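Welcome to this guided tour! Keep your viewer open and select each part as we reach it.

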Protein chains: 2
Amino acid sequence: MTSVTLRQMRAFLAIVRLGSFTAAARQLHLTQPALTVQLRQLEQALGVRLLDRTTRTATPTRIGAEFARALAPLLAELDTVLERVQDHATLRTGRVDLATLPSLASTVLPEVIARLRVSSPGLRVRMREAVTGPVGEMVRAGLVDFGIGGSVAEDGELEVQHLFDDPLLLIFPREHGFAARCSVTLRELGEVPLLLPEANSGIRHAVDQAFAALGLPVQPAQEAVSTGTLVGMVRAGLGLGVLPSTAVEMQVIPDLRALPIGGPPLTRPIALVRRAGRSLSPAAEAFLAVLRECLARRSDLQPVSQGD
Amino acid sequence: MTSVTLRQMRAFLAIVRLGSFTAAARQLHLTQPALTVQLRQLEQALGVRLLDRTTRTATPTRIGAEFARALAPLLAELDTVLERVQDHATLRTGRVDLATLPSLASTVLPEVIARLRVSSPGLRVRMREAVTGPVGEMVRAGLVDFGIGGSVAEDGELEVQHLFDDPLLLIFPREHGFAARCSVTLRELGEVPLLLPEANSGIRHAVDQAFAALGLPVQPAQEAVSTGTLVGMVRAGLGLGVLPSTAVEMQVIPDLRALPIGGPPLTRPIALVRRAGRSLSPAAEAFLAVLRECLARRSDLQPVSQGD
DNA sequence: TCCATTCATAAAGACGCTTTATAGACTAGG
DNA sequence: CCTAGTCTATAAAGCGTCTTTATGAATGGA
C-alpha cells in the first residue's frame, strides 16, 4: 500500500528505454534486484502489470507502453522545471530588483553590475532610482528585493543594515576663497550662503543633524531638488553647495572645486534596506556580496563590517 | 545530497496552498515536524530557499512562488496519468482486442460482451472474426490480445488453453428419415452424402480425425466455405451437413432438423490462444472470467477446468 | 550440451523518514 | 505589560523501506 515514487517511474522509463533490467540498472548505478523490486512496487501501487518479463528480456505491456508514452514527456518537463529552479542557486538565472539613490545608481552600482555580469552572465539587474523615503516604501511594498539608500527607521517590516558612510563635500567656484584650502570645518559653513537639497533627502537630514549637534541653525540660501540643479546654482554664484562624494564623481566640473567637510566629518549613512523576515534570492545575495567587495576596495568611502 | 521526491513537492504545494506548515500537516495526515524536515530537504536538494517562515506564517519566496506555479499543473497532470493507469486495474477503462470464429462471435461471445457491459461499462471490446488458422496468426502478430478458436499447435510463441468442446450436429431436411431419431452415430455418417466445411477449418479437422479413428474414409459430397452456404446446400437437398452447435443456434431453420452425433461423440475443441510470455490486460482477464462463467452455465457445451 | 546471461527471490544491513518531546518566538487578549 | 495560545525549529528514538549481497531458475547461443 505504498505510493508511487519518482524513483520508481524513472526506473520504469529506463527499463522500457533499454529493454532490460540489468542495462537500466547499470545506467542508474543500481543493482538489478533493486530495479526488480522497484518495478514490482510500482506495479503493485498501480495495480497493473507494466512489463512482461521473460528470462531474457523485458517488453512493455500495452498499458505499460501507454503509460511510458504519457509519462516520459511529463518527467522530462518536471526535470526542466527542477533545473530551472536549481539555476537560481547556481546563479545561471536570476533577477535582482533593487531601489537606490540616483547618486549610487550612477557611480558605485554600475561597477557592481559590471562585475556581476562577468562572473554570472545569466543574472539580470533591474535598478530603480528614488530618494531615501521612497526607497524604503518600495522595499516595504515588495516592489523591489531590497534598497540601498539613506538610513530609514527600523520598524517591524523593514530591516536596515548600515553599509558605509558617504562623505559630504562642499562645492564652490574655483574663484572662491576656499580654493586654496584643503578642508573646511562644519562651523565655517554656517557663515556662507549654503545651497542644500530639499528636506526629505538623506543628505539634508545628515546636514541638519550635524548643525543641530553644534547648536547652529540651518539657513539655506536656496534649496534644490536634484543634484544637477544644485550644481548649476553653484556655478551661477548663488552660493556653496553640499553634495555627497558619490554624486560629485559623476559630474565633470572643470570650473568648480570640492572640499571635504571636517570637524566633525560630515557624512551621510548609506544602508541596505530589506523586508524583515524575507530572505533574499541567491542573485540578490550575490549582488550584495559583490557590492561589499567593491566597497571594501574603495578607501574614500568608509566601509563597515558585514555584521549588523 | 538526496534527490527531490514527489512527497516533498506535494508537501511544498500543500504548504504554499494553505500558507501554514501545521495546516498542511493536518491535511496530509502528518505531523508538523515531518513537513519541516521535508521542506528543508527539498530546499537543500534545490539549493534554493522556497518559503520564508516567520513563527506565524509561511509565505513563498519569489522563486518558490514561480516553482509552485510551474509545479502544480505538472503534478496535477501526473496524477491524472496515474489515475488513468489505475483505471485499467479497476476496469473503469480498458480495451479487449480478440479474434474468434464467426460461430462463436455470433452466439456465445455477445452474451459475454453484454454481461461485461453491465459490470464494467467502461470496457470496450473489439472482436475480429476469422477461421482457426488466421486466429492464431493474428495472436502471433500481436494484432489481438488473445484468440478463441480451434486448437492450434503450441509452439514457442503461442500458448493454447482448452476451453470447451463444441458438439458437432448433423443438419438435414425434416423430410429425411433421420427426423424421427434422437441421435445418429458417426459410423452412420459414412453412408450418407455429407456436406462438410473446407479443409482448413477446425470443424473439418475434427471430422477428419474422428473418421480416421474409425478407419473410415472421408468423402464429402460437397465442400462449403461458409456455414450459410452449407445450410443452403442442405436445404437444396444436396446432402446432410455437419455444423457446430454454436453455429446452428444462430440460424433459424424451420425446415431443417439437427441431431447430435454420437458413438463416439463428435465435437470440435475450442481453445484460448494467447502469446506465450505475454500477460493479459485486466480488461482481457475480466473478459475471460465472464466467458468462463457463461460456459459453466451452459450444459450443452462441455466446459473444462481453468487449469491447463 | 554447456556456458553465459537475464530476471526473480531471500536475507541482512544501511539509510531515511516519521513521530514524540521540547524549545523559541511571535500574536492576541486581558 | 503580561500571559496564554499558536506556530515553526530541533533533537532523539523507533520504525519502515530500500539497497545490496548471495543465490536460484530459465533461456538462448556456441
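Which residues come nearest to DNA strand C? Before you look, keep in mind that this is a predicted model. Now select DNA strand C and the 24 residues around it: A:F21, A:T22, A:P33, A:R53 and B:P33 come nearest.

**Stop 1: around DNA strand C**

Color the helices next. Helix 3 of chain B gives the most, with five residues. If you color this surface by residue class, you will find seven nonpolar, 13 polar and four charged residues.

**Stop 2: around DNA strand D**

Move on to DNA strand D, which has 22 residues around it. Here A:P33, B:F21, B:T22, B:P33 and B:T36 come nearest. Helix 3 of chain A, helix 2 (21-28) of chain B and helix 3 of chain B each supply at least two residues of the surface near DNA strand D. Which helix gives the largest share of that surface? Helix 3 of chain A does, with five residues. By class, the surface near DNA strand D has seven nonpolar, 11 polar and four charged residues.

**Stop 3: where the two chains meet**

Now select helix 4 (residues 62-89) in chain A and helix 4 (residues 62-89) in chain B. Two packed helices are described by the angle between their axes and the distance between the axes. For this pair, the angle is about 170° and the axes are 10 Å apart. Do the two helices run roughly parallel or roughly antiparallel? Angles over 145 degrees count as roughly antiparallel, so helix 4 of chain A is roughly antiparallel to helix 4 of chain B.

Show the side chains along this contact. Among the residues of helix 4 of chain A that meet helix 4 of chain B are A:I63, A:F67, A:L74 and A:H88. From helix 4 of chain B, the residues taking part include B:I63, B:F67, B:L74 and B:H88. The contact between these two helices divides into 16 nonpolar, two polar and two charged residues.

**Stop 4: two backbone details in chain B**

Most residues other than glycine have a negative phi. Select B:H29, which is not a glycine but has a positive phi of about 60°. B:H29 sits in the loop between helix 2 and helix 3 of chain B. Is B:H29 buried or exposed? B:H29 is exposed, with 6 other C-beta atoms within 10 Å.

Then select B:L91, another residue that is not a glycine, with a positive phi of about 65°. Look for B:L91 in the loop between helix 4 and strand 3 (94-100) of chain B. B:L91 is partly exposed, with 18 other C-beta atoms within 10 Å.

**Stop 5: chain A as a whole**

Finally, zoom out and select chain A. You can trace 12 helices and 13 strands in chain A. Along its principal axes, the C-alpha trace of chain A spans about 100 × 40 × 30 Å. The radius of gyration of chain A is 31 Å, while a compact globule of 308 residues would have one near 19 Å. Buried residues make up 36% of the 308 residues in chain A.

Terms used: Residues numbered from 1 in each chain as written. Chains lettered and ligands numbered in written order. Predicted model: local features only at pLDDT ≥ 70, side-chain atom pairs only at ≥ 80, totals over all residues. Axes fitted to C-alpha atoms, helices over the stretch in contact; angles between N-to-C directions. Helix = DSSP H or I, 4+ residues; strand = E, 2+ residues; numbered from the N terminus. Parallel < 35°, antiparallel > 145°, perpendicular 65-115°, else oblique. Contact = placed C-beta atoms within 7 Å. Nonpolar A, V, L, I, M, F, W, Y, C, P; charged D, E, K, R; others polar. Near = placed C-beta within 6 Å. Rg over C-alpha atoms; globule rule 2.2 N^0.38 Å. Buried ≥ 20, exposed ≤ 12 C-beta atoms within 10 Å, placed from the backbone.
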